[in-house]
Amino acid sequence: MIEVTAVTKAFSTNTAEVRAVDEVNLEVNPGEFVLILGRSGSGKSTLLAMLAGLICPTSGTVKLRGRDIGNLPEDEIAGLRAKEIGFVFQFSGLIPTITALENVMLPTLFCPDGPGSRSRAIELLRKVGMSHREDAYPRTLSSGEMKRVAIARALINEPSILIADEPTGDLDSVTEIEIMELFKELNFDGTTIVMVTHNPDLVPYGTKTYGMNHGKLVEVFSPPCVNSAQQSSSYSSRKDAT
Amino acid sequence: MNQKMDYFTFIAASLRNKPGRNLATIFCFAFIAANIFSAQYIIAGAVGSVDLGVSRMGADILVAAPQYSVFYKYVGPENTAAIVKVEPSTLRINARSVDSTGSVEGVAKTSQQLYVTTMNLPELSSSPVDIFGIDPATDFTIQPWLNHPLNSPLGPGEVIIGNTIKGAISSQISVLAHPYIIAGRLDPTRTAVDTTIFLRMEDAYALAVADGIVPSSAPRIIPGDINGVLVKVKPGADPAMVQARIKAPNAALTVLGRHFTLDPVSKEIQGLPNLLIMITAVVVLAAFPLIALISAMVARERQREIGLLKSMGAKRNIILFLIMTESLVLATLGGIAGIGASIVIFSLLNIHRVLTSGVQVSLHMPAPHEIAVMVGMALFIVMIIGSLASLWPAYQSSIMNPYDAIRHEG
């Protein structure tokens, strides 16, 4: 589904060139829950931004379903983000001026032909346990609730992949577990997830875990993937059917 | 239940939830709209007043029978009176003898008048009433004094009455058993016009045959008789020269000129619109960067939000559309508020005549259709300003890298 080949992202400073991501190779298959572990500044968020087409790599290729998203015109990448990628940020990322339900429906503005709709938004809010707060404005929600709404929003257009940038970084441990259980459930239902975190306690949730340090990526843990393969096949057939 | 999010909901929510910021922006737009509308209103009012004033100044030249100057009180260079109608006299000429006046070089228009009689009509006026015949199609000295325009041209059996004559519009009056319908009333002139009834020339001839209308010592009025021709000189033409040209082939006729000009007044009034246009231009020029600055600040404040929208798949044109539409909505609301406030203030000022004394011009209220055009123009200009002022911030937002925008600490 995602194929990252020799990707490098370099930033120039006054004194030198900093390689935030350095010659990274990564493959994410349908139905996987890929965790990328790393400390702050290790380059994991930059890698995630490249996977989502938010920034272009300095070198190397990022392919989503076989298309090199690093070389697409900006509007085409935007269209791809609207259809294929759901993004959950470390901060809530909710628009403060609209309700939870409207926030979930917001991506349907940019994907008019997609499956997103009001009824699906309500269904997703129910799925993330927020159906009772659909008319609430973000300022009245707790951090955990905002995160749940953000996850529902990321899924509204039935993206191929859900990308989450430290989604539990600002949550207490109880809420963190609740959110991770939600991710686990979504993955079990067939959603492909790539998530970065600095918390090693979350490793058991992933089907594949990588470590990132100074821009380099190494696979640190891969449990037997029987379930993952099954999920993968099941998810692929579901996607094809749609 | 399958509907999607729509732009209107998003824009409306965005505007609704930032009242302070949006009110400040609306105020700026209202200020500009009020200035543009007010300037147009005052200019139209002043120009309308001048036009009306000039048209009420009557004729530049009066052509009448020989010896007519005996009756005319204002002969000579000291004549500063407006020539609105001929003086009551039995000195008449045949209309055909002055037909050529209209084709004299420098003559813009001519109109004939006939004095019929003066009589006591106590049911209509406490003072003696003059009765005149006019040609409604060519008249340019009487009808400008109407306090309301006639619904249709003065028809047979209809009259225009001076300000102090009793009777309501559309009511019937009777003169020597001849019934007439009052079609219009004139504004006060503080002259004999206030106690005059004006009929169509044909009705005047018909009335003139009645016994006792014309003194037995004076010649009877016959169709074709008139007392004088009122002449309007073309703009730029020298009235004295035109007067001489009219007099040349008719040496016996009395040809009187008006010995004052409206040029100084016109020049003074012409300066007013220029001043107002300049003030408006300064206000618009000063407000434009202010609005652009507010738009830029708003766009910067919303950098993270814009980054989020882009990360969800919003294309450049959508970001441009969202920001410019918000600005347009604010401009429209501000425009309506500013124009509405101006109309209310102008209404109050008109009531108390503050404006009239303030600008030293008797302001003429523009007609509703003129006001509608001014409202449309002011709104259009404000919307153009709103669009242009938000164009650059909207463009900057649309090309913003979503990753940088999201990481922006707004």
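Q: A residue is buried if 20 or more other C-beta atoms lie within 10 Å of its own, exposed if 12 or fewer, and partly exposed in between, with C-beta atoms placed from the backbone. How many residues of S4(B) are buried?

A: This is a predicted model: local features need pLDDT of at least 70, side-chain atom pairs count only at pLDDT 80 or more, and totals for chains, interfaces and linings use all residues. Residues are numbered from 1 along each chain as its sequence is written, while chains are lettered from A and ligands numbered from 1 in the order in which they are written. Strands (E, at least two residues) and helices (H or I, at least four) are DSSP runs, numbered from the N terminus. In S4(B), six of its six residues are buried.

Q: Which residues of S4(B) lie on each side?

A: In a regular strand, side chains alternate between the two faces of the sheet. In S4(B), one side carries Val129(B), Ile131(B) and Gly133(B). The other carries Asp130(B), Phe132(B) and Ile134(B). Both faces are covered.

Q: With which strands does S4(B) pair, parallel or antiparallel?

A: Strands pair through backbone hydrogen bonds, in either sense. Here a pair needs at least two DSSP bridges. S3(B) and S4(B) run antiparallel, joined by six bridges. Met119(B) stands opposite Val129(B) on S4(B). S8(B) is a parallel partner of S4(B), with five bridges. There Ile134(B) faces Arg200(B) of S8(B).

Q: In what order do the strands of the sheet run?

A: The sheet in chain B is open and has nine strands, ordered S6-S7-S5-S8-S4-S3-S10-S1-S11. Its pairing is mixed. The edge strands are S6(B) (172-175) and S11(B) (254-257). Each has a single partner strand, so one side of each is left without a neighbour in the sheet.

Q: How many bridges join S5(B) to S8(B)?

A: Three, between residues 158-161 and residues 196-200, and the two strands run antiparallel. Ile160(B) stands opposite Phe198(B) of S8(B).

Q: Which strands does H3(B) touch?

A: Two residues are in contact if their C-beta atoms, placed from the backbone, lie within 7 Å. H3(B), residues 201-208, packs on the sheet and touches S3, S4, S6, S7 and S8 of chain B.

Q: Which residues of the largest nonpolar core touch the most other members?

A: Such a core is a set of buried Ala, Val, Leu, Ile, Met, Phe, Trp, Tyr and Cys residues joined through C-beta atoms within 7 Å. The largest one has 115 residues. Val104(A), Ala152(A), Ile163(A), Ala33(B) and Ala378(B) touch the most other members. Helix H2(B), residues 19-55, gives the largest share, 14 residues. A second, separate core has 52 residues, including Ala59(B), Val86(B), Ile134(B) and Val175(B).

Q: What does Val104(A) contact beyond four places in sequence?

A: Its partners are Ala121(A), Leu124(A), Leu125(A), Val149(A), Ala152(A), Arg153(A) and Ile156(A).

Q: How many residues does each chain bring to the contact between A and B?

A: Chain A brings 28 residues and chain B brings 25. On the chain B side, H1 (7-16), H6 (303-311), H7 (316-352) and H10 (402-407) each supply at least two residues. H1(B) gives the largest share of that side, five residues.

Q: Where is Leu54(A), and what does Leu54(A) touch?

A: Leu54(A) sits in the loop between H1 (44-51) and S4 (59-64) of chain A. Leu54(A) has 24 other C-beta atoms within 10 Å, so it is buried. Leaving aside residues up to four places away, Leu54(A) touches Ala49(A) and, from chain B, Ser311(B), Pro402(B) and Tyr403(B).

Q: Which phi value does Glu158(A) have, and which does Ser170(B) have?

A: Most residues other than glycine have a negative phi. Glu158(A) has a positive phi of about 50°. Glu158(A) lies in the loop between H5 (143-155) and S7 (161-165) of chain A. Its 17 C-beta neighbours inside 10 Å make Glu158(A) partly exposed. For Ser170(B), phi is positive too, near 75°. Ser170(B) belongs to the loop between S5 and S6 of chain B. Ser170(B) has 10 C-beta neighbours inside 10 Å, so it counts as exposed.

Q: Where in chain B is confidence lowest, and where is it highest?

A: pLDDT is the predictor's confidence in each residue, from 0 to 100. Chain B has a mean of 82, and 85% of its residues reach 70 or more. The lowest mean, 52, belongs to H8(B), residues 354-359. The highest, 95, belongs to S5(B). For the complex, the predictor gives an ipTM of 0.84 and a pTM of 0.66.

Conventions:
Axes fitted to C-alpha atoms, helices over the stretch in contact; angles between N-to-C directions.
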